[in-house]
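Here are my notes on the two-chain model, point by point. Please read them with the structure open.

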Amino acid sequence: MLDFALMAEAFPAILAGTGTTLKLVAGALLCGFFLAVPTALAADSRSRILRGTAAGYVLFFRGTPLLVQIFLIYYGLGQFEAVRASIFWPILREPWWCALLALSLNTGAYTGEIVRGGLQSVPAGQIEAARAAGMSGLLLYRRIIAPIALRQALPAYSNEVVSMIKATALASTITIMEITGIARTFISQTFKPIEIFLVAGAIYLVLNFFAAQLLRALERHLSPHRRPI
Amino acid sequence: MSRKLVFAALAGLFVAAAALPADAQQRTLRIGTEGAYAPWNATDTAGKLVGFEIDLGNEICKRQNIQCEWVAQAFDGIIPALVARRFDAIMAGMSITERRLETIDFSQPYAGTPSIFAVLKTSPLAAAIGPAADRVPMGEDTPARKAALDKLSAALRGKTVGVQRATIQEGFLNDFMKGVVTTRLYDTNENLLLDINAGRVDAGFASYSYWLPATEKEAGRNIAIVGNGFSGGGFGRGVGVGVRKGDAATKKIFDDGLAELKKDGTVKALALKWFKFDATVD
């Protein structure tokens with residue numbers, strides 16, 4: 001039988017970790033996006049060096065588990081005296097920045113591929129039409145390519161947002177007290193994992209529901225041609 | 001025709017299985033351990049579980065003529081896993097405390113060591129807290145206890161202390177150091193040791209039996225054990241075998257086994273082998 005009193009007691013305590021979770025997600029998605037755009041452009045560029053760099057980055061961060069990346073950045077880098085003596089140590093010393101760094105690099109690689117797919121899906125005819133109208137360079141990107149690419153990439157990107165929200169749970173392994181970290185600490189004091197993880201799971205579910213709704217609304221807003229008349 | 005044969009064969013198997021004596025079916029006892037808490041229980045480079053508790057548990061099973069199987073499980077989920085019947089007993093350096101006794105039962109204790117702080121040798125805290133000192137009993141609010149806690153609070157105020165999640169040491173920090181120190185919770189003491197070395201935490205708090213062998217290894221050569229040891233009270237009555245509440249049969253296996261091995265000196269010999277000091281308790 002479920003201990004509902006315990007669930008009621010745990011709920012506000014675990015909910016208090018939502019702020020940390022959302023800060024990690026927002027930070028990682030923002031940094032990840034700024035990594036993703038140059039990655040996508042580099043992956044389709046004419047320079048072999050740029051293509052190779054982008055391919056290597058995407059291969060490493062998509063090809064290895066996020067948990068391994070978090071451990072490599074947090075415990076791995078911290079073991080080198082050179083790293084500890086460097087100017088980066090004030091940042092790498094903190095679990096929060098290590099988690100943010102790992103999550104950003106990871107989502108940057110995935111989002112890079114999503115952005116690349118979006119860019120490729122822009123119909124050649126529309127680009128030609130824009131050029132015929134005299135647009136080129138940044139103007140062409142800003143007016144035609146970027147809005148269409150963004151719209152095309154949104155369904156795939158909403159997948160990435162949802163999986164990032166869930167991936168923040170791994171930050172609890174490097175002492176960060178986000179939703180899962182608080183839940184695990186609660187379990188260690190009550191020995192009731194089912195009740196506590198049900199509460200934590202429900203919070204993630206609600207967060208993801210709103211994230212998905214938000215992205216769906218954005219997609220609708222960007223697709224006026226698909227709205228029923 | 002063939003369907004009938006299959007049915008007959010299945011029915012035969014079923015009857016044969018049901019006919020086995022109940023205790024023969026239960027002969028394999030599963031013991032849960034962490035595998036990351038040297039020298040109590042650790043995982044060697046070949047992935048094999050080794051340590052004081054592995055030797056002790058195997059010896060108990062051998063003497064009682066029981067098949068035993070070890071199951072590795074992260075410490076913070078080890079009591080829920082026992083309750084969920086993923087194994088039948090816990091031997092994971094787990095102290096017998098009132099809080100845990102609300103959920104599970106324990107055998108008689110087989111070892112016990114105080115909990116104590118460790119810092120980097122180069123840290124100013126090494127001098128501020130002072131060298132390893134006497135054991136302070138936490139059971140009652142004595143002047144000695146108050147003096148030790150005051151001294152500790154003064155030295156550690158505003159510092160970050162690392163501790164393993166779900167341990168008696170975490171309980172101590174919650175009960176006595178709340179608001180004084182910032183607590184960071186680790187999955188294993190091995191990871192805590194890495195972060196003391198990296199300077200991410202100012203001090204670590206764990207069992208003396210963990211720190212002492214650790215300081216003799218490469219990973220712990222820069223670590224100093226400091227200040228008073230703490231035991232009793234919330235630290236419990238020594239380390240025992242955890243069993244499910246009401247599982248008298250399993251409890252008896254370990255109670256009897258431990259009584260015999262304590263009497264003939266096996267527990268002490270194993271403690272000396274793994275801890276380099278006699279960690280046994282009565």
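1. Contacts in chain A. Take the contacts in chain A between residues at least 6 apart in sequence: 78% of them join residues at least 24 apart. Keep in mind throughout that this is a predicted model.

2. Make-up of chain A. The chain has 11 helices and zero strands. Along the sequence, chain A reads α-α-α-α-α-α-α-α-α-α-α. Its C-alpha atoms fill a box of roughly 70 × 55 × 25 Å along the principal axes. Of the 229 residues in chain A, 34% count as buried.

3. A helix pair in chain A. Two packed helices are described by the angle between their axes and the distance between the axes. Helix α3 (residues 48–63) of chain A and helix α7 (residues 95–120) of chain A have axes that come within 9 Å. These axes cross at roughly 120°. That angle makes α3(A) oblique to α7(A). The crossing of α3(A) past α7(A) is left-handed.

4. Who makes that contact. From α3(A) come A:Ala54, A:Tyr57, A:Val58, A:Phe61 and A:Arg62. From α7(A) come A:Leu105, A:Asn106, A:Ala109, A:Tyr110, A:Gly112 and A:Glu113. By class, the residues of this α3(A)–α7(A) contact are seven nonpolar, two polar and two charged.

5. Chain A against chain B. The contact takes 13 residues from chain A and 17 residues from chain B. Which helix gives the largest share of the chain A side? Helix α10 (residues 179–190) of chain A does, with four residues. The side of chain A that touches chain B divides into four nonpolar, six polar and three charged residues.

6. The three-stranded sheet of chain B. This open sheet has the order β2-β3-β4 (chain B), and its pairing is antiparallel. At the edges stand β2 (36–37) and β4 (49–50) of chain B. Each has a single partner strand, so one side of each is left without a neighbour in the sheet. Two bridges join β2(B) to strand β3 (residues 41–43) of chain B, and these strands run antiparallel.

7. The six-stranded sheet of chain B. This open sheet has the order β9-β13-β8-β12-β10-β11 (chain B), with mixed pairing. The edge strands are β9 and β11 (182–186) of chain B, each pairing on one side only. Neighbouring strands of this sheet are turned by 30° against each other on average, direction ignored.

8. The helix on that sheet. Helix α9 (residues 189–198) of chain B packs on the sheet. This helix touches β8, β10 (160–164), β11, β12 (203–207) and β13 of chain B. The direction of α9 makes about 160° with that of β10(B).

9. Strand β13 of chain B. Is strand β13 (residues 223–231) of chain B mostly covered or exposed? Mostly covered: nine of its nine residues are buried. On one pairing, five bridges join strand β8 (residues 115–120) of chain B to β13(B), and the two run antiparallel. In that pair, B:Ser115 stands opposite B:Phe230 of β13(B). On another pairing, four bridges join strand β9 (residues 133–137) of chain B to β13(B), and these run parallel. There, B:Ala133 has B:Asn228 in β13(B) as its bridge partner.

Definitions and conventions. Residues are numbered from 1 along each chain as its sequence is written. Chains are lettered from A and ligands numbered from 1 in the order in which they are written. This is a predicted model: local features need pLDDT of at least 70, side-chain atom pairs count only at pLDDT 80 or more; totals for chains, interfaces and linings use all residues. Axes are lines fitted to C-alpha atoms, for helices over the stretch in contact, and angles run from 0 to 180 degrees between N-to-C directions. Angles under 35 degrees count as roughly parallel, over 145 as roughly antiparallel, 65 to 115 as roughly perpendicular and the rest as oblique. A crossing is left-handed if the near helix is turned anticlockwise from the far one by less than a right angle, and right-handed if clockwise. Two residues are in contact if their C-beta atoms, placed from the backbone, lie within 7 Å. Ala, Val, Leu, Ile, Met, Phe, Trp, Tyr, Cys and Pro count as nonpolar, Asp, Glu, Lys and Arg as charged, and the others, Gly among them, as polar. Two strands pair if DSSP finds at least two bridges between them. A residue is buried if 20 or more other C-beta atoms lie within 10 Å of its own, exposed if 12 or fewer, and partly exposed in between; C-beta atoms are placed from the backbone.
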